[in-house]
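Please view the sequence and the structure below before reading on.

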Amino acid sequence: MSVFENILQAIGNTSMVQLHRVVPRGCARIMAKLEWENPTGSLKDRTALAMISRAEEDGRLKPGDTIVEYTGGSTGISLAIICVAKGYPIHIVTSDAFSLDKRNQMIAYGAQLTLVPSEGGLTTKKLILDMISAAEQISKKPHTCWTNQLSNTDSISGYYALGEEIWNQTGGKIDAFVHSVGTGASIRGVATVLKQHNPAIKIIAVEPGESPVLSGGQPGPHKIEGVGIGYTPPLWDPTLIDEIIAVKTEDAKSMARRLAREEGLFAGTSSGANVIAAIQVAEHLGSECAVTTLMCDSGLKYLSTDVYQKKL
């Protein structure tokens, strides 16, 4: 064990575990990467560090500038901790559609928040566009740097290391990678690396069943935080994707609860969606194959929501 110089060096190199009790007999093995082991409890630490580091390198971000971003929470939290480590102020546009736990965590890291009201606490296309518009207006102030995660190609490179970790931890014995789509950066970054190692690896994207736009359906409100923005994200690359699976919000919540009770894995709703889709893929592939997916973030980010709150 080595001693890191700062919190940024603790990002990455997360554990991988095999699922057992939630996986039906006869399926391929399913292995989940525990991305909540990153410092803020989310895979977004990887992309936040990449976006800020690249902006520093090419001069878009200068000492004293304020980082501006719109976010459902996890990217904002990740940007906030990196701003703490590097000494930048941060102004985050978010919404009441996303968990109070995430908002409180951003505030704990010193972020300034602007809240955009949602329609009944649901993620919709209108909400995402309203948040982007609000962030854009803030970014027009002097001495600001808008990371603009939905269109920022720097974010993709933050996940190349994740792809290499998956390849190395499985010894290259992997038949499919399954992951939910928000900005599209994480599945694109991981898929790029895995396909370079072995083009035969299947990449399966996951989206909300209520808003299956990547599958050619209509956008709709849902409650799987961090995914399903209601339109095709600019970073989406369909050439890397072999299949798209839609998962309903209530099914994703139910699986998140099962993961906690049956596997001891305390994760958020998008992780539940990932596992449901991974099981579908594993059933199709059969027992001789191996499927990987991600525990995107910690269930601690959802304690205030109906995913885990239960009236006593």
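The second largest cavity holds about 50 Å³ of space, where a cavity is a set of points on a 1 Å grid over the protein atoms alone at which a 1.4 Å probe fits but cannot get out. The model is predicted: local features need pLDDT of at least 70 and side-chain atom pairs pLDDT 80 or more, whereas totals for chains, interfaces and linings use all residues. Residues are numbered from 1 along each chain as its sequence is written, and side-chain values use heavy atoms, without hydrogens or water.

**Cavities**
- The lining of the second largest cavity (residues with an atom within 4 Å of a point) includes Val181, Gly182, Glu207, Pro208 and Tyr231.
- That lining divides into 7 nonpolar, 3 polar and 1 charged residues.
- Of the 32 residues that line the largest cavity, Lys44, Gly182, Glu225, Gly226 and Val227 lie nearest its centre.
- Helix H2 (74-86), helix H4 (125-139), strand E7 (176-180) and helix H7 (185-197) each contribute at least two residues to the lining of the largest cavity.

**Aromatic pairs**
- There are 2 aromatic pairs in the structure (ring centres within 6.5 Å; planes under 30 degrees apart are stacked, over 60 edge-to-face, the rest tilted).
- One of them joins Tyr70 and Trp146 edge-to-face, at 6.1 Å centre to centre and 70° between the planes.
- Because Tyr70 lies in strand E3 (residues 66-70) and Trp146 in strand E6 (residues 144-146), this pair ties together parts 76 residues apart in sequence.
- Tyr70 is buried at 3% relative accessible area, while Trp146 is partly exposed at 23% (buried is under 20%, exposed over 50%, partly exposed in between, with a 1.4 Å probe and protein chains only).

Technical notes:
Rings of Phe, Tyr and Trp (its six-membered ring) pair if their centres lie within 6.5 Å; planes under 30 degrees apart count as stacked, over 60 as edge-to-face and the rest as tilted. Helices (H or I, at least four residues) and strands (E, at least two) are DSSP runs, numbered from the N terminus. On a 1 Å grid over the protein atoms alone, a cavity is a set of points where a 1.4 Å probe fits but cannot get out, and a pocket is an open set with protein on both sides within 12 Å along at least five of seven lines; lining residues have an atom within 4 Å of a point. Grid points are joined across faces, edges and corners, and a volume is the space filled by probe spheres set on the points. Ala, Val, Leu, Ile, Met, Phe, Trp, Tyr, Cys and Pro count as nonpolar, Asp, Glu, Lys and Arg as charged, and the others, Gly among them, as polar.
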